[in-house]
Amino acid sequence: MSIKGRIFGTVVGAAGLAAAAGAVGIARQNRVIGNRAAGEEVAFGALHSPPRVTVTDDAVDLYVEIDEPEDFGGVPATDDDLTVVFVHGYSLNLDCWHFQRAAYRGQVRTVFYDQRSHGRSARSDEEHCTIEQLGHDLRRVIEDTVPGRCVVVGHSMGGMSVISLAEHYPELFGDTVVGAALMSTTAGGLDPGRILFPMLPLGLGGRFVGRAVRTLDRGHKVVDVARAWGHAVADVFTDRYAFGDDVPASMVEFVYSMLNATPFAVVADFYPAFATLDHFEHLEPLSRVPTSIICGTEDRITSVGHSRKLHSRITGSSLLECEGAGHMVLLERHKQVTAELDDLISLAQGEGLL
């Protein structure tokens with residue numbers, strides 16, 4: 001049975017942050033509680049809003065969607081209300097936030113976007129397929145879509161994007177960015193080969209993965225065909241590496257469809273970024289705002305040890321360990337995750353600790 005293990009460090013510091021936020025009026029909002037079961041009756045990939053484009057510093061078009069509360073029966077958002085920005089992971093797309101998106105419709109203003117070269121966003125050149133650039137991209141999305149303050153929520157590579165934002169734009173934290181969630185992610189020390197297992201054709205993996213990536217990239221069209229041919233085997237590997245416990249077949253297929261839709265050339269372009277990742281010395285800005293760290297205890301890609309290390313380095317952060325869940329904890333334990341985000345949004349609004 002899943003358990004929620006929330007560990008709060010430096011409670012006084014978190015209370016001080018909340019009090020400061022209240023002093024400038026954030027606490028005027030009501031507590032946001034997402035409908036945690038809202039996504040159960042909606043088909044995966046069916047939740048969308050009118051598209052818009054954010055142009056990055058290097059002129060890549062990012063595909064963006066915004067759920068305005070009034071479009072789903074809620075009260076129109078004002079510039080003083082929080083916006084929650086969701087940042088997806090490696091080889092996924094904005095659809096991965098299915099349950100959280102459904103939960104917050106009509107409750108809070110939410111922003112979803114496809115990272116460069118992913119989903120419906122434009123392809124990037126290889127030179128800009130870096131974690132540093134993803135942090136710059138997130139800044140542009142915030143500038144373009146957030147009229148006031150925001151909470152940023154990142155999964156896997158999306159969490160690395162949030163950490164990159166903190167490294168390169170620390171001045172945003174405590175002013176524009178008033179809360180953050182880091183989900184199934186790390187700031188360094190990752191075995192990059194592990195992150196590739198679900199995305200390789202026919203479950204290809206092993207010690208040679210790293211040096212094989214570039215060779216496979218040169219024949220990426222053949223690799224993409226092999227991935228399609230190996231659908232049944234790939235489903236097994238997706239299930240094994242993305243999830244901890246048994247999950248519905250539809251959930252496995254949903255994740256596989258996102259992975260399979262990402263060309264292997266894109267997978268290869270970003271691979272070096274994981275091999276050189278080392279940003280644990282740049283986490284301080286995240287200590288200025290309520291920060292929630294979430295991970296499954298059976299995550300085989302970014303193991304729970306990474307989340308525990310982040311928690312130890314980010315003063316005042318909370319840690320939610322979802323017992324038995326894997327890397328796709330946002331799907332597998334979506335009710336727990338949404339409940340944790342409820343608490344995070346409440347803290348970011350300044351409620352509860354005043």
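## Cysteines

The sulfur of Cys295 has its closest cysteine sulfur in Cys322, 8.3 Å away, which is too far for a bond. A disulfide would need the two sulfur atoms within 2.5 Å. The model is predicted. By this rule, the disulfide count is zero.

Cys295 is buried, at a relative accessible area of 0%. Cys150 also counts as buried, because its relative accessibility is 0%.

## Ser292 in strand E8

Strand E8 spans residues 291–296 and holds Ser292. Ser292 is buried, with a relative accessible area of 1%. The side chain of Ser292 makes a polar contact with the side chain of Glu340, at 2.8 Å.

What else does Ser292 touch, leaving out residues up to four places away in sequence? Besides Glu340, the list holds Ala180, Ala181, Leu182, Ser318 and Leu344.

## Packing of H3 and H4

Helix H3 covers residues 131–145, and helix H4 covers residues 157–168. Their axes lie 7 Å apart. The packing angle is about 80 degrees. The two helices, H3 and H4, are therefore roughly perpendicular to each other, since angles of 65 to 115 degrees count as such.

On the H3 side, the contact involves Ile131, Glu132, Leu134, Gly135, His136, Leu138, Arg139 and Ile142. They meet Met157, Met160, Ser161, Val162, Ser164, Leu165 and His168 in H4. The residues of this contact between H3 and H4 divide into eight nonpolar, five polar and two charged.

Terms used: Residues are numbered from 1 along each chain as its sequence is written. This is a predicted model: local features need pLDDT of at least 70, side-chain atom pairs count only at pLDDT 80 or more; totals for chains, interfaces and linings use all residues. Side-chain values use heavy atoms; hydrogens and water are left out. Helices (H or I, at least four residues) and strands (E, at least two) are DSSP runs, numbered from the N terminus. Buried means under 20% relative accessible area, exposed over 50%, partly exposed in between (1.4 Å probe, protein chains only). A polar contact is a pair of N or O atoms within 3.5 Å; within protein, one must be able to donate a hydrogen and the other to accept it, and residues adjacent in sequence count only if both atoms are side-chain atoms. Contact means heavy atoms within 4.5 Å. Axes are lines fitted to C-alpha atoms, for helices over the stretch in contact, and angles run from 0 to 180 degrees between N-to-C directions. Angles under 35 degrees count as roughly parallel, over 145 as roughly antiparallel, 65 to 115 as roughly perpendicular and the rest as oblique. Ala, Val, Leu, Ile, Met, Phe, Trp, Tyr, Cys and Pro count as nonpolar, Asp, Glu, Lys and Arg as charged, and the others, Gly among them, as polar.
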